[in-house]
Amino acid sequence: MERKWEELSPDERQEVLFERWLSPKDHEGNDLKFKSPKAEKAYKERVTRLKDAIQLKKLPDRVPVLPIVGFFYAFYAGFTPKEVMYDYEKAVSAARKYVLELEPDFHMGAIGPGPGKFFDILDYKLYAWPGHGVSPNGTYQCLEKEYMKADEYDALIQDPSNFYSNIYLPRIYGALQAFTAPSLTNVLEIFGLAFNFIPYGLPPVQAAYKALMEAGNEALKWAMAMGAFNEEIAAAGFPAAAVGMAKAPYDTLGDTLRGTRGLMVDIYRQPDKVLKALEVLTPIMINTGAGAAKGAGLPLVFIPLHKGADGFLSDEQFKTFYWPTLRKLLMGLIDEGCIPFLFVEGSYNTRLKVIRDVPKGKTLWSFDTTDMAKAKEMLGDVACIGGNVPIDLLAVGTPEQVKDYTKKLIDTCGKGGGYLMANGVALDEAKPENVKAMIDATKKYGVYK
Amino acid sequence: MAGNLVNALADLKEDEALKIVKDRLNAGEEPLKILEDARKGMEIVGKRFADSEYFIPDLVYSGEILKAVTELVKPKMTKAAESKKLGKVVFGTVAGDIHDIGKDIVAFMLDVNGFEVIDLGVDVPVQKFVDKIKETGAPVVGLSGFLTLAFDSMKQTIEAIKDAGLKNKVKIMIGGGQISEEIRKYTGADAYGKDAMAAVTLAKGWIGGK
């Protein structure tokens with residue numbers, strides 16, 4: 001008899017999620033029909049390859065390769081970033097072309113560009129995007145501001161749901177300025193009932209709800225296109241790497257609530273409130289990541305790390321403000337059977353000793369400019385590592401240079417498994433022949449004998 | 001107690017620094033002398049950052065304290081501060097890129113190391129760099145960029161500087177996010193700096209050599 005999720009150990013949950021990843025379903029819930037027996041075999045080999053690299057139990061057949069792409073396939077297919085943001089078919093056809101022609105082991109779907117019209121409908125303020133604040137040929141750029149004010153920690157800590165819906169959302173979505181979430185905890189008996197609903201009769205509030213519904217329609221349209229692509233490309237033998245995403249609580253607070261500078265000053269002026277807010281954000285992040293991963297039947301949860309890099313915090317600050325809640329997030333995800341997939345931007349040379357405090361074979365760390373020999377030495381026995389193919393090399397170098405770099409990485413970090421080939425930071429503009437060289441060199445030199 | 005403000009600022013003791021400033025202003029002290037001490041404190045902050053004793057949050061916080069000090073002192077100022085500077089550096093994040101944290105750190109370090117930084121901000125059009133170089137006669141230009149699209153913006157900016165006939169009058173350094181020796185070659189810059197201290201060393205080398 002099948003046991004309930006609650007009765008399974010974290011190890012068993014991880015196996016269940018890997019099993020689901022290995023045996024994908026189509027959108028109707030039936031077993032996915034692969035294009036050919038060859039495609040099915042390739043799909044399963046790819047997932048098994050990464051599973052073995054992550055779990056550190058068995059030597060994989062070779063080093064898996066997963067280019068982390070942003071707008072790369074748009075450029076690759078001859079579209080502008082703006083085009084693939086506003087035309088989902090173009091996004092899908094560009095991603096398809098890239099995956100089928102360059103044949104990476106894993107892909108990140110066609111979701112990278114995001115739904116431009118959805119952002120337009122909501123008048124999203126957190127980012128500039130191609131054709132909206134940056135040129136049609138540009139990429140996303142975060143518009144950092146203090147969307148949460150220095151004196152709003154108590155509001156966030158006491159009632160995060162209310163803070164997000166009634167204070168934060170109206171600030172980050174222009175169309176939701178008048179938005180107010182139902183306040184139904186003060187609904188009592190019968191006489192006063194109607195008063196609580198008065199706001200929903202006011203035209204600006206109604207306009208906000210109308211925008212929400214339009215945005216919902218657009219989100220659905222986009223998600224259908226993205227889901228269909230993942231299904232189609234899986235049937236051709238190419239698994240998606242991750243669907244779920246979470247963030248280190250410190251990054252959530254620093255990236256999109258208080259801003260880099262705001263948070264850096266807060267750790268001096270109001271450290272206790274910062275710590276409390278981080279604790280409040282932690283379970284929210286665990287649920288966000290685990291929920292998406294379990295829903296999609298795909299164990300990896302993508303976690304880009306930003307503000308804990310070398311230089312961004314002292315050792316002491318990292319150990320006080322960054323790591324404790326990041327570790328709680330990792331443990332919370334691992335408990336749910338997920339594999340945290342950390343995309344570590346910048347360099348982490350001074351953090352390696354701290355982050356090795358994770359259970360063996362449950363995490364994947366893709367690095368950017370971290371010293372890879374040192375990372376292998378410090379983490380090799382507890383976690384799968386990867387990354388580091390420099391984006392500047394992919395942008396302006398030669399295929400020969402890329403091949404040499406890739407081979408050197410395999411020689412340095414590939415030993416004994418536990419290694420994933422990936423680029424350092426998200427790939428936008430790069431020479432196609434260089435990305436191909438990275439993929440091909442991994443297949444050639446990354447085989448374990 | 002002139003030493004106190006220098007140390008309070010260097011040690012990032014905000015409350016103490018502000019109290020000293022208020023006391024000294026109340027005692028009728030010349031505002032410029034107070035600012036001079038604050039500057040000395042910031043110099044120590046810069047040195048500690050260069051020695052990896054301080055990190056980015058410490059720099060940012062020191063800037064906040066200095067801002068608060070300046071706000072207290074400014075209303076009492078009767079004459080403008082004059083400063084002797086080593087030389088001018090025209091500086092900014094290149095076109096299409098709006099990242100400012102790295103740029104601000106380098107500008108801060110150049111400033112506390114005695115350079116006059118002409119900070120053009122972010123997403124700076126090519127022509128603005130050219131115009132500013134002409135206008136100020138600055139011998140050093142710093143181009144900052146975080147995104148890969150900055151590679152081409154830097155290249156275009158440097159080409160425009162060459163086309164304006166300014167190439168032999170200025171030295172150009174680049175830095176930020178994914179900038180490397182490869183990108184230096186690609187853009188035609190004179191040098192690339194890995195971090196803020198590298199920028200200071202480069203600027204000192206070039207301006208000192210003139």
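This is a predicted model: local features need pLDDT of at least 70, side-chain atom pairs count only at pLDDT 80 or more; totals for chains, interfaces and linings use all residues.
Residues are numbered from 1 along each chain as its sequence is written, while chains are lettered from A and ligands numbered from 1 in the order in which they are written.

**Where the chains touch**
- 19 residues of chain B are in contact with 27 residues of chain A (contact means C-beta atoms, placed from the backbone, within 7 Å).
- On chain B's side, α4(B) gives the most, with five residues.
- That side has 13 nonpolar, four polar and two charged residues (Ala, Val, Leu, Ile, Met, Phe, Trp, Tyr, Cys and Pro count as nonpolar, Asp, Glu, Lys and Arg as charged, and the others, Gly among them, as polar).

**Two crossing helices**
- Helix α11 (residues 260-269) of chain A and helix α4 (residues 56-73) of chain B have axes that come within 9 Å and cross at roughly 85° (helices are DSSP runs of H or I, at least four residues, numbered from the N terminus; axes are lines fitted to C-alpha atoms over the stretch in contact, with angles from 0 to 180 degrees between N-to-C directions).
- So α11(A) is roughly perpendicular to α4(B) (65 to 115 degrees counts as roughly perpendicular).
- Residues making this contact include M264(A) and Y268(A) from α11(A), plus V60(B) and Y61(B) from α4(B).

**A residue to look up**
- L110(B) touches V89(B), F115(B), V117(B), A199(B), V200(B) and A203(B), leaving aside residues up to four places away in sequence.

Terms used
Angles under 35 degrees count as roughly parallel, over 145 as roughly antiparallel, 65 to 115 as roughly perpendicular and the rest as oblique. Two residues are in contact if their C-beta atoms, placed from the backbone, lie within 7 Å.
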